[in-house]
Amino acid sequence: MGKITNLGKTWLHKARLYWLQRGADESYRAYLTEQFERSLSKSTTPLQSTRLIDRLFEAVPITSDMSVLCIGSRNAAELDYMRSKGAKQVTGIDLHSESPDILVMDMHHMKFPDAHFDIVYSSHSLEHAYDAALVIKEMIRVSRNGAAIAIEVPIQYETRGSDRFDFESAEKLLSLFAPFVDQVLVSEEHPPFSPMNRYSTPIARVVFTLRKQPA
Ligand SMILES: C[S@@+](CC[C@H](N)C(=O)[O-])C[C@H]1O[C@@H](n2cnc3c(N)ncnc32)[C@H](O)[C@@H]1O
């Protein structure tokens with residue numbers, strides 16, 4: 001019975017991926033398959049670090065009416081941690097999902113309307129983009145004017161396989177959001193295995209507010 005259920009789940013995940021891939025060229029389909037397979041094989045991995053969420057909510061005190069988008073959440077762990085900190089309206093997106101709160105959606109082509117979220121959060125997901133400029137455009141599009149964006153990525157590491165982008169520094173990462181960056185609330189880099197970074201690569205962590213309309 002358990003085996004049939006697992007087969008059924010795998011079939012459902014693959015059907016949803018197939019739906020995301022419709023109309024895409026071979027290279028983009030291969031990209032999505034690689035990201036999907038890598039993530040699915042780690043779908044029960046616990047949350048590796050809460051640092052970005054902690055830094056975000058220190059800088060932007062969360063209130064129950066704020067809507068939060070979590071890009072590349074993999075499983076419900078990030079959403080659960082955000083809720084434990086007071087977030088009430090949290091939506092995740094990823095290429096697979098076993099949670100009603102995580103929508104199967106490609107971060108390059110989000111299905112949300114313009115100006116929908118108060119907070120857009122992406123931890124160790126932007127480096128997995130096929131086209132980082134397009135994902136950034138989408139992040140800005142779905143954010144409200146004045147929204148906060150929080151991003152953490154590995155930097156100064158060897159890109160390969162599903163790890164596709166090295167943004168090199170917090171400053172370069174922020175520059176990709178120009179001219180929409182309003183206030184920079186957090187901009188930091190940390191060496192591997194250091195008190196503020198549990199990962200094996202250096203990381204850049206930024207939190208900033210967006211100005212979508214001219215001042
Ligand atoms: C390294 S995991 C990060 C998981 C979690 N955010 C964390 O920090 O532990 C990257 C996630 O991004 C997702 N991802 C990769 N490409 C994606 C895409 N095009 N659209 C949506 N999610 C994507 C992967 O499926 C994976 O779950």
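## Close-ups of a predicted model

**Figure 1. The whole chain, piece by piece.** The chain has six helices and seven strands, and what you're looking at is a predicted model. Walk along the sequence and the pieces come in the pattern α-α-α-β-α-β-β-β-α-β-α-β-β. The C-alpha atoms fill a box of roughly 55 × 40 × 35 Å along the principal axes. For 215 residues, a compact globule would have a radius of gyration near 17 Å, and the chain has 17 Å, so the two agree. About burial: 33% of the 215 residues count as buried. Now take the contacts between residues at least 6 apart in sequence: 65% of them link residues at least 24 apart.

**Figure 2. The sheet, strand by strand.** Here the seven strands line up as an open sheet, in the order β3-β2-β1-β4-β5-β7-β6, with mixed pairing. The edges belong to β3 (102-104) and β6 (181-190); each has a single partner strand, so one side of each has no neighbour in the sheet. From one strand to the next, the twist averages 15 degrees.

Figure 3. Zoom in on β1 (residues 67-71) and β2 (residues 89-94), which pair in the parallel sense over five bridges.

**Figure 4. Strand β7 and its two partners.** How many of the eight residues of β7 are buried? Seven are, so β7 is largely enclosed by the rest of the structure. On one pairing, β5 and β7 run antiparallel and are joined by seven bridges; look for Ala150, whose bridge partner in β7 is Val207. On the other, β6 and β7 also run antiparallel, again with seven bridges, and Val184 has Phe208 of β7 as its bridge partner.

**Figure 5. Helix α3 and its buried face.** Helix α3 (residues 51-59) lies across β4 (117-123), β5 (143-154), β6 and β7 (203-210). Against β7, helix α3 runs at about 30 degrees. Which residues of α3 are buried? They're Leu52, Ile53, Leu56 and Phe57. Looking down the axis of α3, you'd find these buried residues within an arc of 120 degrees, so they line one face of the helix. What do the buried residues of α3 pack against? Their packing partners are α4, β4, β5 and β7.

**Figure 6. Inside the largest nonpolar core.** This core has 43 residues, and the ones touching the most other members are Val68, Val120, Tyr121, Ile149 and Ala150. Pick out Tyr121 and skip its neighbours within four places in sequence: Tyr121 is in contact with Leu56, Val68, Leu69, Cys70, Ile71 and Ala150.

**Figure 7. Phe112 in its loop.** Find the loop between β3 and β4, and you'll find Phe112. Phe112 has 18 C-beta neighbours inside 10 Å; a residue needs 20 or more to be buried and 12 or fewer to be exposed, so Phe112 counts as partly exposed. Arg141 is 29 residues away from Phe112 in sequence, and their C-alpha atoms are 9.1 Å apart in space.

Notes:
Residues numbered from 1 in each chain as written. Predicted model: local features only at pLDDT ≥ 70, side-chain atom pairs only at ≥ 80, totals over all residues. Pairing = 2+ DSSP bridges. Helix = DSSP H or I, 4+ residues; strand = E, 2+ residues; numbered from the N terminus. Axes fitted to C-alpha atoms, helices over the stretch in contact; angles between N-to-C directions. Contact = placed C-beta atoms within 7 Å. Core = buried A, V, L, I, M, F, W, Y, C linked by C-beta atoms within 7 Å. Rg over C-alpha atoms; globule rule 2.2 N^0.38 Å. Arc of directions from axis to C-beta.
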